[in-house]
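Biologist: Could we go through this model together? I would like to begin with the charged side chains.

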Amino acid sequence: MIASSDVDNRGEASLFSDPIPSEMDALCPSPPGPTRPQRDYERIGGRAGTSFCQTLIHLLKGNIGTGLLGLPLAVKNAGLVLGPISLLFMGVVAINCMQVLVKCSHHLSVKMNRPSLTYGEVVQYGMENVSWLRRHSQWGKRIVNVFLIITQLGFCCVYFVFLSDNIKQVVEAANATTFNCHMNHTNQTQILVPSFDSRLYMLCFLPALILLVFTPDLRYLAPLSLVANLVMSASLILIYFYSITNIRYPINLPKVGRAKDYPLFFGTAIFAFEGIGVVLPLENKMHRPQSFIPVLYLGMGIVTFLYISLGTIGYLCFGEHIGGSITLNLPNCWMYQAVKLLYSFGIFITFALQFYVPAEILIPPVLTRVSERWEKTVDLLLRTVLVIFTCGLAILIPELDLVISLVGSVSSSFLALIFPPILQILTFHTEGLSPLVTVKNIIISVIGFIGFLTGTYIAIVEIVARNALKREETFSSYMVQ
């Protein structure tokens with residue numbers, strides 16, 4: 001995904017000093033930007049930036065992925081009534097935090113006379129507004145970049161688990177797959193021919209994903225990315241159709257879940273809502289940046305509706321049997337087996353886009369320290385090591401629901417909930433920020449921090465408990481034999 005010429009131009013790059021790229025930078029390169037005051041009206045040149053509709057599509061794509069498919073289980077953890085209400089609340093807070101980030105970016109880019117800023121730069125310049133934090137402002141940027149790396153590599157781990165679970169289920173049910181899509185008594189795909197462990201499926205995907213991230217420029221994947229978006233959209237429509245037409249009556253599901261499961265809901269929900277990383281890249285690339293806030297409201301309104309509706313409908317349909325991804329509950333017929341395969345194809349292609357961000361942060365500083373002769377070899381070697389690293393983490397935690405919740409609690413909570421409210425206080429504290437806004441920001445950050453602590457703790461406890469249970473079952477089956 002890095003052309004050798006890109007590496008040559010980076011000079012003495014620092015791990016956390018260069019502007020942080022996003023997958024949008026590859027598929028939608030930045031135009032030669034005018035200054036921020038000019039960008040408040042429109043970009044120079046008719047083809048320079050993205051349109052309203054293009055930005056809306058990118059925003060939807062950046063927020064709809066594996067997290068959406070895990071929300072029915074999240075609703076189960078929170079309860080049939082409390083779950084949708086909590087998702088609505090979290091959606092409102094997430095949109096508010098995205099708007100705050102854009103507002104702070106506008107203010108600081110004018111102040112610094114910069115055409116655009118990355119998330120890390122916004123935090124850095126926001127800290128420079130406070131005298132006692134000014135000398136430590138670089139650390140603000142570095143911390144944000146570390147969480148961006150953790151988040152993106154976490155997404156890659158989730159993709160490994162998602163691919164292995166879904167393909168394993170398709171393979172094991174292949175001999176019994178029919179054209180009859182009626183629901184069975186457990187609402188789950190019947191596993192008829194056991195195959196090898198899901199972690200071995202991850203190893204099977206490893207060579208293909210390594211080759212995928214060797215792509216020198218992500219724009220080469222743009223046609224496949226378009227196809228992936230289309231097949232994922234079609235798959236989502238079929239999932240909605242099946243879930244709506246197979247809701248079980250009477251509905252006898254708990255309105256409020258167990259208190260100890262609510263942190264797992266938080267982790268999964270914030271994982272799904274963690275699209276804040278694409279907000280500034282998208283706003284920076286718009287032809288008319290002043291139109292971004294309407295795009296944000298419309299796009300995130302659609303996303304929130306999808307999250308609440310699929311989370312609720314999926315739980316109503318599959319009840320207590322709901323899996324870490326709703327695709328794992330689809331019936332054993334060719335249409336819905338195809339849905340799993342198509343969605344898996346979309347996730348496979350998306351892996352390269354998510355991998356682009358940490359690769360662009362971590363690899364160029366290393367390449368500046370090697371001779372030009374070895375740059376390409378070292379580049380490919382480091383990409384291989386990073387993919388193997390994400391695969392290794394996925395193998396250690398092969399539980400889709402728990403790895404989603406853990407990634408959401410650990411990193412997404414900081415990027416989406418904790419940092420933006422604090423950033424607004426730092427940016428506008430000398431300009432008469434109202435006490436009400438300050439109190440609101442403190443409350444949001446505290447909620448995010450509590451969610452981080454409890455979500456991370458519960459997810460780790462559940463991971464340890466499930467691994468212990470699996471070891472016990474494996475030992476018992478070995479003794480029986």
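Biologist: Is Asp197 buried, exposed or partly exposed?

Modeller: Asp197 is partly exposed, with a relative accessible area of 35%. Buried means under 20% relative accessible area, exposed over 50%, and partly exposed in between, with a 1.4 Å probe and protein chains only. Please note that this is a predicted model, in which local features need pLDDT of at least 70 and side-chain atom pairs count only at pLDDT 80 or more, while totals for chains, interfaces and linings use all residues. Residues are numbered from 1 along each chain as its sequence is written, and side-chain values use heavy atoms, with hydrogens and water left out.

Biologist: Which residue forms a salt bridge with Asp197?

Modeller: Arg199 does, and the closest N and O atoms are 2.9 Å apart. A salt bridge here is a side-chain nitrogen of Lys or Arg within 4 Å of a carboxyl oxygen of Asp or Glu. Arg199 is partly exposed as well, at 32% relative accessible area.

Biologist: How many salt bridges are there by this rule?

Modeller: The count comes to 8. One of them joins Arg258 and Asp261, at 2.9 Å from N to O. Arg258 is exposed, with a relative accessible area of 52%, whereas Asp261 counts as buried at 9%.

Biologist: What about Arg466, which residue does it pair with?

Modeller: Arg466 forms a salt bridge with Glu399, the closest N and O atoms being 3.1 Å apart. Arg466 lies in helix α18 and Glu399 in the loop between α16 and α17 (400-428), so the pair ties together parts that are 67 residues apart in sequence. Helices are DSSP runs of H or I with at least four residues, numbered from the N terminus. Glu399 is buried at 12%, and a network of salt bridges links Glu399, Asp401 and Arg466.

Biologist: Changing topic, where is the kink in α10?

Modeller: The kink lies at Leu206, shortly before the proline Pro207, and is about 35 degrees. The bend at a residue is the angle between axes fitted to the seven residues ending there and the seven starting there.

Biologist: And what covers the buried residues of α10?

Modeller: The cover includes α9 (137-172), α15 (334-367) and α16 (375-396), where contact means heavy atoms within 4.5 Å. Among the buried residues of α10 are Tyr201, Phe205 and Leu209.

Biologist: Lastly, is Val439 buried, exposed or partly exposed?

Modeller: Val439 is partly exposed, with a relative accessible area of 46%, and its place is in helix α18.

Definitions and conventions
Helix = DSSP H or I, 4+ residues; strand = E, 2+ residues; numbered from the N terminus.
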